[in-house]
Amino acid sequence: MQNYWFLFHNGKLLLQKEEEKYTLPCGENPPLVTANPSFEAGEWGGIPCRTAEIDCETPSLPDSSPGEGEQFQWIGLRDSYDLIPHAAYRIAGKAEELLFWDRNTRFCPACGTPTTPDTAISKRCPKCGNILFPHVAPAILVLIHRGKEVLLVHARTFHKPFHGLVAGFVETGETLEECVRREVREETTLEIENIRYFGSQEWPYPSQLMIGFEADYAGGTLRFADHELTEGGFFDRNRLPTLPQKLSLARRMIDAWLESQE
Ligand SMILES: [Zn+2]
């Protein structure tokens with residue numbers, strides 16, 4: 001049976017380049033041999049997708065390239081967004097999350113026994129019966145409006161010098177709305193009102209669900225209280241800083257705001 005192979009090594013995805021177009025390797029067997037288990041990762045164009053980790057030190061790329069002008073390349077998951085169809089990028093994200101989960105659940109967290117595969121998305125501890133599913137960590141994003149302006153900030157954790165949105169992980173025992181309010185207060189000391197849902201996005205870096213909200217400024221002076229944010233401010237559409245990459249929900253929210261104005 002033909003499969004698309006989503007093979008990862010050190011966080012990079014193996015892509016096949018045909019002329020100037022990138023795709024995923026397709027075939028009965030993966031183009032690189034691995035002793036690691038492979039996992040179902042969905043379906044693309046009616047063809048099942050499987051994923052596996054290639055963990056040798058420096059895996060040599062398949063030398064029997066499928067044809068003239070075709071070659072294999074290792075590409076970072078974020079960079080693959082610009083190279084492969086969106087549906088394939090999303091499967092690659094899910095694949096990377098499954099491999100992250102596999103690496104981190106080799107042993108039962110309750111009793112330390114090696115785990116065994118159960119279903120496509122679960123493992124079982126043969127000793128105590130503990131069942132382990134892939135974890136998803138929910139995190140909020142919030143676009144704060146103040147008149148014709150929105151709050152854009154740079155966080156210490158951003159990989160590049162762009163301005164995005166206030167964000168943070170949901171804590172145990174709180175609602176999404178409480179999380180939004182808390183993160184804004186902790187990171188900016190601002191008060192907000194009219195919190196409303198925008199949309200969500202899976203975020204496989206490494207295993208998050210981003211949940212986007214909009215809110216209105218309700219008071220306070222902007223101060224980066226807990227040092228997670230390093231700079232930022234309220235910007236109008238005529239004076240924007242560098243924005244996040246297109247692949248992020250933050251950018252989708254900022255673009256929706258830009259398009260909504262006359
Ligand atoms: Zn156990």
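Asparagine 194 is found in strand β14. Its phi is near 55°, a positive value in a residue other than glycine. Most residues other than glycine have a negative phi, and most peptide bonds are trans. Asparagine 194 is also partly exposed, with a relative accessible area of 48%. This is a predicted model, and the values here are computed from it.

Threonine 189 lies in the loop between α3 (176-188) and β14. Threonine 189 has a positive phi of about 65°, although it is not a glycine. Proline 206 sits in the loop between β14 (191-203) and β15 (208-219). The peptide bond that runs from tyrosine 205 to proline 206 is cis, with omega near 5°.

Now step back to the whole protein. Its secondary structure comes to four helices and 16 strands. The C-alpha trace spans about 60 × 50 × 35 Å along its principal axes. There are 262 residues in the protein, and buried residues make up 45% of them. One pair of residues gives a sense of distance. Valine 33 and isoleucine 211 are 178 residues apart in sequence. In space, their C-alpha atoms are 38 Å apart. Valine 33 lies in the loop between β4 (26-27) and β5 (39-44). With 82% relative accessibility, valine 33 counts as exposed.

Next comes the metal site. Which residues hold the zinc ion? The protein donors are the SG atoms of Cys108, Cys111, Cys125 and Cys128. They lie 2.3 to 2.4 Å from the zinc ion. Along the chain, the donors follow the spacing C-x2-C-x13-C-x2-C. The angles among the four donor atoms are 99 to 120°, and the site is tetrahedral. Cysteine 108 is buried, with a relative accessible area of 3%. Cysteine 111, at 34% relative accessibility, counts as partly exposed.

Other cysteines raise another point. A disulfide is a covalent bond between the sulfur atoms of two cysteines. How many disulfides does the structure hold? The count is zero. Take cysteine 26 and cysteine 49. The closest cysteine sulfur to that of cysteine 26 is in cysteine 49, 8.6 Å away, so the two are too far apart for a bond. Seen from cysteine 49, the closest cysteine sulfur is the one in cysteine 26. Their cover can be compared with the cut-offs. Cysteine 26 is partly exposed, at 37% relative accessibility. Cysteine 49 is buried, at 1%.

Charged side chains come next. Side chains of opposite charge can pair when their charged atoms come close. A search of the whole structure finds 15 salt bridges. One of them joins glutamate 53 and arginine 103, at 2.7 Å from N to O. Glutamate 53 lies in strand β6 (residues 47-53) and arginine 103 in helix α2 (residues 86-103), so the pair ties together parts that are 50 residues apart in sequence. Glutamate 53 counts as buried, at 15% relative accessibility. Arginine 103 is partly exposed, with a relative accessible area of 36%.

Glutamate 20 and lysine 17 form another salt bridge, and their closest N and O atoms are 3.9 Å apart. Here glutamate 20 is exposed, at 65% relative accessible area. Lysine 17 counts as buried, at 14%. Lysine 246 pairs with aspartate 255 in a salt bridge, with 3.3 Å between the closest N and O atoms. Lysine 246 is exposed, with a relative accessible area of 53%. Aspartate 255 is buried, at 15%. There is also a network of salt bridges, which links Glu171, Glu174, Arg182, Glu183 and Glu186.

The last stop is a nonpolar patch on the surface. Which residues form it? They are Ile121, Ile131 and Phe133. Together they have about 260 Å² of accessible area. Isoleucine 131 has its place in strand β10 (residues 131-132). With a relative accessible area of 34%, isoleucine 131 is partly exposed.

Conventions
Residues are numbered from 1 along each chain as its sequence is written. This is a predicted model: local features need pLDDT of at least 70, side-chain atom pairs count only at pLDDT 80 or more; totals for chains, interfaces and linings use all residues. Side-chain values use heavy atoms; hydrogens and water are left out. Patches are made of residues with over 30% relative accessible area and no salt bridge: like charges are joined within 9 Å, nonpolar side chains (Val, Leu, Ile, Met, Phe, Trp, Tyr) within 5 Å. Accessible areas come from the Shrake-Rupley method with a 1.4 Å probe; for residues, only the protein chains shown count as cover. A salt bridge is a side-chain nitrogen of Lys or Arg within 4 Å of a carboxyl oxygen of Asp or Glu. Helices (H or I, at least four residues) and strands (E, at least two) are DSSP runs, numbered from the N terminus. Buried means under 20% relative accessible area, exposed over 50%, partly exposed in between (1.4 Å probe, protein chains only). Donors are N, O and S atoms within 2.8 Å of the metal (3.2 Å for Na, K and Ca); water is not among the atoms, so sites may look incomplete. Four donors count as tetrahedral if all angles lie between 85 and 135 degrees; four count as square planar and six as octahedral if opposite donors are over 155 degrees apart and all others between 65 and 115; anything else is irregular. A disulfide is a pair of cysteine sulfur atoms within 2.5 Å.
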